[in-house]
Amino acid sequence: MMSRIEKKITISANESLHARPASLFVQKAVKYNSSIWIKKGKEVVNGKSIIELLSLGIEKGTEITLIAEGDDAEEALQELEELLMFYEKKN
Amino acid sequence: MKRKTSRKIKGIGASGGIAIGPIYLAGREEFSVFKRRLSQEEIPHEILRFEEALISTRKSLVSLQEEVSKKLSYEHARIFDAHLLVLEDRALIEDVITKIKKEKVNAEYAFSEVIKKYAAALASLRDDYLKERAIDINDVAKRVLSRLVGKEEEQPLLSLKEKAIIVAHDLSPADTAVLPKQNVLGFVTDIGGRTSHTAIIASSLGIPAVVGLRNITEIIDEEDILIIDGSEGTVIVNPSPRVIEEYKLKRTQQARLKKIFSLLRREPAKTLDDKRVTIAANVEFPEEIPLVSEWGCEGIGLYRTEYMFLGRKDFPQEEEQFQAYFDVAREVKPDTVIIRTLDIGGDKFLSQPDMPKEIHPFLGWRAIRFCLARPDIFKTQLRAILRASVLKNVKIMFPMISGVEELKQAKAMLEETKSELRKKKIGFDENIQVGAMIEVPSAALTSDFLAREADFFSIGTNDLIQYSLAVDRSNEKVAYLYEPGHPAVISLIKSVIDSGHRHGIKVGMCGEMASEPLYAFILLGLELDEFSIPPAWAPKLKRLIRAVKFSDAITLAEKIMRVSTAKEVEKLTRNFLKEILGNKYKSYLSE
């Protein structure tokens, strides 16, 4: 079943989305069939692209929206959110 | 042969130490990428060529990663994760292919244009760490380009056969990872900052490095001799023999000190009879933060925030402050940082237009008094500190508290700020500790009441001494009266420490007195918990503490409570130290 889910996440007062977590994020994102997008303000980038993700400049305190669209959208979003939250807690 | 002119260039010290030697210029040449128009038939071949370049670069990166993992560590090898992802990046690859197809241009050109676009986007970000990822991307790009133009991928640094100082426009993580380290005397680069890979690798290897020298690669020649001073952040090109001798001496001295201090760095500040105290750092500017751990301090006992407020016409915004507080907290973690709220007035004046001139600035509208009257400024700072406290290692300290009421008012404003943040669902440390600086005699005398309201005390001796002895130290006619050992001062300090301990809170000191070994010994005997001092003093203080017994310090402290002048206090302490440390006691003091 095709579905589109969105979720708002604040990279709260912690670490920016640096190379390491960004790499992990992309490594996980590419495993899914769904398209993954990250929205910051008006900008939307491909969540499967490290270079776009880094250029978006997700600095600490930024609110982003994770968007997944496809048959495995739900699992994708859950895993990616957990990953981000893990980095939140760790720092 | 005529000696070349010598010149000194200032950069950013990225890793301490001195290196003297010949240079090795690495990777000065850049690829010239030419634009070539393609005919329609050439396009599929061009795309194939591009994809092959990606694949073969990937292969060589993977083997490089394995090599680094073996030679250095798994963690260092992780650097290449991002590199590899760039090579597989769909957005990037599609961009390049589209460009080749649409604009009918060669792969080298299409690729380098796309890379430029992304590197520029990264370089424009505010975050230094992300900014420097532009370097990673350029590094990958160079590798791919060298494949495309049919060159063997260069590994210039592998061919470093003799000891030399490496001079480069920039060093990529890949470059530094494969270096024959035994031959590297130091690093010097045109670009980069304290968080660049060159800086990180250099300091982890203990090799001096100066970065951010702009155009050093253009200024110097292959035959030049260099001196680099990583602590000062300077480079001297073609120094005179006299200067070389000077730096050689400095290097020997540094090496000797470093040896003694490095032995102490990780050792706890513990007396012979196992009394543990904390030696923390006083920090005035962000540039000093790396020194905290370099000198073996446990966190920051006094983080002054005035630097952000001085010399400007407006007040720093919450975001700017937050960034600074967050960075320092992250830097010292897992140790803690005590952030002191704005302490202006006195000898520090704001340039803001509405600050009135005062006749007695030290008795005037300063520090917490100013902050309580200007909730707009104060709460902005409190919000920024609270937000940074999500890292759970931040404490707040209010300066110039003169009595319980003032402390309560400041705390109320903090509570207000907290509930505003809660409403907005902004995270902070709910258990953030709040301390009072004890630097006014009235606060010292009412410390028993203050201790019920505070989570910790920090004694500011510079002001406490000048207020209790009524001496302006900068007035040379009366400066002789400024005596840290004055019985009045000692007895105030004792009562503050005792009140704190009666109520179960820790008492620290962040004035100069704590960094002078002679007084530090007295303070140890008065049972001070934390000594917060300029970081470079830490090894000396630690050395003393590790050489004495707590029980002896207590004995001395009891004795000095019975003498009536500062001179006697000092004499008594000196003789006592001589007795327990022997003739080498002087080497433990500042003299």
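Two residues are in contact here if their C-beta atoms, placed from the backbone, lie within 7 Å. The model on your screen is predicted: local features need pLDDT of at least 70, side-chain atom pairs count only at pLDDT 80 or more, and totals for chains, interfaces and linings use all residues. Residues are numbered from 1 along each chain as its sequence is written, while chains are lettered from A and ligands numbered from 1 in the order in which they are written.

**Stop 1: chain A**

Select chain A and colour by secondary structure. You will find three helices and four strands; helices (H or I, at least four residues) and strands (E, at least two) are DSSP runs, numbered from the N terminus. Starting at the N terminus, the order is β-α-β-β-α-β-α. Of the contacts in chain A with a separation of 6 or more, 72% link residues 24 or more positions apart. Buried residues account for 43% of the chain's 91 residues; buried means 20 or more other C-beta atoms within 10 Å of the residue's own, with C-beta atoms placed from the backbone.

**Stop 2: strand 5 of chain B**

Now select residues 184-189 of chain B, which form strand 5. Six of the six residues are buried, so this strand is largely enclosed by the rest of the structure. Strands pair if DSSP finds at least two bridges between them. One bridge to display is A168(B) with T189(B).

**Stop 3: the nonpolar cores**

A nonpolar core is a set of buried Ala, Val, Leu, Ile, Met, Phe, Trp, Tyr and Cys residues joined through C-beta atoms within 7 Å. The largest one has 97 residues, and I300(B), Y325(B), I401(B), A436(B) and F521(B) have the most contacts inside it. Centre on F521(B): beyond its neighbours within four places in sequence, its contacts are L544(B), V548(B), A553(B), L556(B), T573(B) and L577(B). A second, separate core of 52 residues includes I100(B), A110(B), V114(B) and L148(B).

**Stop 4: two crossing helices**

Finally, show helix 20 (residues 517-525) and helix 22 (residues 550-560) of chain B, whose axes come within 7 Å and cross at roughly 95°. Axes are lines fitted to C-alpha atoms over the stretch in contact, with angles from 0 to 180 degrees between N-to-C directions. Helix 20 and helix 22 of chain B are therefore roughly perpendicular (65 to 115 degrees). Helix 20 contributes F521(B), I522(B), L524(B) and G525(B) to the contact.

Notes
Parallel < 35°, antiparallel > 145°, perpendicular 65-115°, else oblique. Buried ≥ 20, exposed ≤ 12 C-beta atoms within 10 Å, placed from the backbone.
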